[in-house]
Amino acid sequence: TLWQNQHLLEGRFKGYFLGKYKLFNMLGAGGMGAVYLAEHVMMHRRVAVKVLYEAQVDKTNLERFYLECRAIASLDPPNIVRAHDFGNEGKIHFLVMEFVDGPDLENLVKQQGPLPYETAVNYVQQAAEA
């Protein structure tokens, strides 16, 4: 992928696999970690993998991360992505979730501008039901 090529050009040749998942691209990043588009090597299932930054691995943040993992795993409504797996590979802690292709709400609004009232209400209703 373009992301992998960029890493190779920068001289970085590690980090394309996380256990049984092949990483393709970074989807987003936040204060505690990053989310990658990945694929289960044997099942060829595309997933989103949330990785906790190594610098953020301390007792408090690790407890918060695993609490988030257990909370997502305990839910199964149609408007929330499903958790498939979580664990660690050495010092790298991760959560594997269902991958939903498409823009997030923030990018949708950036691309299209303010949403029509009916569309915005529909999205808020979906979030509330989740």
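Q: What makes β3 and β4 a hairpin, and which residue in the turn has a positive phi?
A: This is a predicted model. β3 and β4 form a hairpin with five residues between them. In the turn, H44 has a positive phi of about 55°.

Q: How do you know that strand β3 is paired with β4?
A: Pairing needs at least two bridges. β3 (residues 33-40) and β4 are joined by seven and run antiparallel, so the pair qualifies. As one example, A34 stands opposite V51 of β4.

Q: What joins β4 to strand β6?
A: Six bridges do, in the antiparallel sense. At least two are required, so β4 and β6 (residues 92-98) count as paired. A48 has M97 of β6 as its bridge partner.

Q: Why is β4 called mostly covered?
A: Strand β4 spans residues 46-52, and five of its seven residues are buried. Buried means under 20% relative accessible area.

Q: Why is H93 called buried?
A: The cut-off is under 20% relative accessible area. H93 has 9%, so H93 counts as buried. This residue lies in strand β6.

Q: Which residues is H93 in contact with, beyond its neighbours within four places in sequence?
A: Contact means heavy atoms within 4.5 Å. Those that meet it for H93 are K50, V51, L52, V57, L62, F65, Y66, G87 and N88.

Q: What makes the H93 side chain's approach to the side chain of Y66 a polar contact?
A: The limit for a pair of N or O atoms is 3.5 Å. The H93 and Y66 side chains come to 2.9 Å, so the distance passes.

Q: How do you know that β1 and β2 are paired?
A: Two bridges join β1 to β2, which run antiparallel. The requirement is at least two, so β1 and β2 meet it. F17 has K22 of β2 as its bridge partner, and L18 has Y21. The hairpin of β1 and β2 has two residues between the strands, and G19 takes a positive phi near 60° there.

Q: What links β2 to β3?
A: Seven bridges, with the strands antiparallel. L23 has A38 of β3 as its bridge partner. A hairpin of three residues joins β2 to β3.

Q: What is the order of strands in the open sheet?
A: The six strands run β1-β2-β3-β4-β6-β5, with antiparallel pairing.

Q: Why are β1 and β5 placed at the edges?
A: β1 (17-18) and β5 (83-89) each have a single partner strand, so one side of each is left without a neighbour in the sheet.

Q: Why is N61 called buried?
A: N61 has 10% relative accessibility. Buried means under 20%, so N61 counts as buried. This residue lies in helix α2 (residues 59-73). Leaving aside neighbours within four places in sequence, N61 is in contact with M32, L52 and Q56.

Q: Why is Y123 called partly exposed?
A: Buried is under 20% and exposed is over 50%. Y123, in helix α4, has 33% relative accessibility, so Y123 counts as partly exposed.

Q: Which residues does Y123 touch, not counting those up to four places away in sequence?
A: Y123 touches L105, L108 and L115. Y123 and L105 are 18 residues apart in sequence, and their C-alpha atoms are 8.7 Å apart in space.

Q: What lines the largest pocket?
A: There are 23 lining residues, and V81, V100, G102, P103 and D104 lie nearest the centre. β2 (21-29), β4, β6, α3 (105-112) and α4 (117-129) each supply at least two residues of the lining. The space in this pocket is about 990 Å³.

Q: How many residues of each class does the lining of the largest pocket have?
A: The lining has 14 nonpolar, five polar and four charged residues. Gly counts as polar here, so G102, one of the lining residues, falls in the polar class.

Conventions:
Residues are numbered from 1 along each chain as its sequence is written. This is a predicted model: local features need pLDDT of at least 70, side-chain atom pairs count only at pLDDT 80 or more; totals for chains, interfaces and linings use all residues. Side-chain values use heavy atoms; hydrogens and water are left out. Buried means under 20% relative accessible area, exposed over 50%, partly exposed in between (1.4 Å probe, protein chains only). Helices (H or I, at least four residues) and strands (E, at least two) are DSSP runs, numbered from the N terminus. A polar contact is a pair of N or O atoms within 3.5 Å; within protein, one must be able to donate a hydrogen and the other to accept it, and residues adjacent in sequence count only if both atoms are side-chain atoms. On a 1 Å grid over the protein atoms alone, a cavity is a set of points where a 1.4 Å probe fits but cannot get out, and a pocket is an open set with protein on both sides within 12 Å along at least five of seven lines; lining residues have an atom within 4 Å of a point. Grid points are joined across faces, edges and corners, and a volume is the space filled by probe spheres set on the points.
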